[in-house]
Amino acid sequence: MSETIDQVEEQAKLKLDTLRTPEELASFRIAYLGKKGKLAALMEKIKTLPIEEKREFGGRVNQLKNYLEKSFEAKSELLHRVQKKPEFFDETLPAIYPRLGRLHPITQTIREISQIFERLGFDVVDGPEIETEYYNFTALNIPLDHPSRDAFDTFYTEGGQLLRSQTSTVQIRVMQTKKPPLRIIAPGRVYRPDTVDASHSFMFHQIEGLMVDDKTTFSDLKGVLHLFLRELFGSEVKIRFRPHFFPFTEPSVEVDLRWGSRGWLEILGAGSVDPNVFDAVGYNSKQVQGFAFGLGVERIAMLRHGIEDIRLFYENDIRFLRQF
Ligand code: DAH
């Protein structure tokens, strides 16, 4: 019994979908498009039909033939493309790397500095950026009429709080919750209403340091800072301690770094913790002593990498950031 056009069409479509190998392709071609295939059988049938039916039947067979030839062609092309292996595959070629992020240069600098102090037994701690006048000024022995309390120098919130203008706040928070001996550093953001230019920003980063026990002296401070700066800038580094004033340390110094043709550059502030600060946190200032210091992270990163403009740190320009 011969098959109808519809039957052949339906079977052929189903079969086409299942073809996966060259062998399957070949047997499909023989079965449907070959000389003794199903299409050929339909063609043969045309001759046997009465004249009135020949035209319609012939037209439909032709349509099916065109359709099957095209579909078969498309299918075999597809299979060839999938199966074709690259002529030459060099597995020693480097892979295509995904684009990796990296740490911001400020974060890198903070981590490097933290690691140096961690090797000296300091713990890394942090504190809040929104603070009270007590932590930012009062407990740090900064008098009520000190200019840094002015709204020109500190951001105040409507609720009477402020954005800390120095990480020295963390000294107080740590001493309130821990008894000596202690050694901490506190990296973090600070805020000041400065006009932005190449060396100023309304937000920047500081690292505060504090060491307290019953026998730490000013010479320990000198030793620790000298060692720290040698680790960071190399063993040839030249530094000097210059007398200065800070309300929370007595005596106080600023430490300068010799920087080639630029001469001496101020790099950090430091000193022996003022007894008034110990009193404020409930330590017995007759029994404990220690030192504190504070440095600006941007300043150090700029010096080490030869960066001339502080704004580059905050612009998120990938061309700048990917250099570090
Ligand atoms: N807080 C000071 C500032 O922002 C830096 C500083 C100086 C911190 C001396 C200290 C210190 O702990 O002893 O300018």
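How many of the ten residues of E8 are buried? Eight of them are, and E8 is mostly covered. Buried here means under 20% relative accessible area, exposed means over 50%, and partly exposed lies in between (1.4 Å probe, protein chains only). Helices (H or I, at least four residues) and strands (E, at least two) are DSSP runs, numbered from the N terminus.

1. **Basis.** This is a predicted model: local features need pLDDT of at least 70, side-chain atom pairs count only at pLDDT 80 or more, and totals for chains, interfaces and linings use all residues. Residues are numbered from 1 along each chain as its sequence is written, and side-chain values use heavy atoms, with hydrogens and water left out.

2. **Domains.** The chain is divided into domain 1 (2-83) and domain 2 (105-321). These bounds come from an automatic or database domain assignment. Taken over C-alpha atoms, the centres of domain 1 and domain 2 are separated by 85 Å.

3. **Sheet order.** Seven strands make an open sheet. Their order is E1-E4-E5-E9-E8-E7-E6, with mixed pairing. Strand E1 (123-124) and strand E6 (239-246) stand at the edges, each with a single partner strand, so one side of each has no neighbour in the sheet. Two strands count as paired if DSSP finds at least two bridges between them.

4. E6 pairs with strand E7 (residues 249-258) in the antiparallel sense, over seven bridges. Arg 240 stands opposite Asp 256 in E7. E7 and E8 are also paired in the antiparallel sense, over eight bridges, and Thr 249 stands opposite Val 273 in E8. The pairing of E8 and E9 is antiparallel over five bridges. There, Ser 272 stands opposite Phe 291 in E9.

5. **E7-E8 hairpin.** Five residues lie between E7 and E8 in this hairpin. Gly 260, in the turn, has a positive phi of about 40°.

6. **Helices on the sheet.** Helix H7 (residues 169-177) lies across strand E4 (182-191), strand E5 (203-213) and strand E9 (289-296). H7 runs at about 40° to E5. Helix H8 (residues 218-233) also packs on the sheet, touching E6, E7, strand E8 (264-273) and E9. The direction of H8 makes about 145° with that of E8. Axes are lines fitted to C-alpha atoms, for helices over the stretch in contact, and angles run from 0 to 180 degrees between N-to-C directions. Contact means heavy atoms within 4.5 Å.

7. **Buried residues of H7.** These are Thr 169, Val 170, Gln 171, Ile 172, Val 174 and Met 175. Their cover includes strand E2 (130-131), helix H6 (133-136), E4, E5, helix H9 (275-280) and E9.

8. **Ser 168.** This residue lies in the loop between strand E3 (162-163) and H7. At 3% relative accessibility, Ser 168 counts as buried. Ser 168 touches Leu 140, Glu 208 and Phe 248, leaving aside residues up to four places away in sequence.

9. **Aromatic pairs.** The structure holds 13. Rings of Phe, Tyr and Trp (its six-membered ring) pair if their centres lie within 6.5 Å; planes under 30 degrees apart count as stacked, over 60 as edge-to-face and the rest as tilted. Phe 28 and Phe 72 are stacked, at 5.7 Å centre to centre with 10° between the planes. This pair links distant parts of the chain: Phe 28 is in helix H2 (residues 22-33), Phe 72 is in helix H4 (residues 51-83), and they are 44 residues apart. Both are buried. The ring centres of Phe 313 and Phe 320 are 6.0 Å apart and their planes are at 75°, so this pair is edge-to-face. Phe 313 and Phe 320 are buried. Ring pairs also link Phe 117, Phe 122, Phe 228, Phe 291 and Phe 293 into a cluster.

10. **Charges over rings.** The charged end of Arg 173 sits over the ring of Tyr 135, 3.8 Å from its centre. Lys 222 lies over the face of Phe 241, 5.2 Å from the ring centre. The criterion is NZ of Lys or CZ of Arg within 6 Å of the ring centre and within 35 degrees of the ring normal.

11. **Backbone points to check.** A cis peptide bond joins Pro 180 and Pro 181, with omega about 5°. Pro 181 is in the loop between H7 and E4. Another cis peptide bond joins Glu 250 and Pro 251, with omega about 0°. Pro 251 lies in strand E7. Asn 316, although not a glycine, has a positive phi of about 60°. Asn 316 is exposed, with a relative accessible area of 63%.
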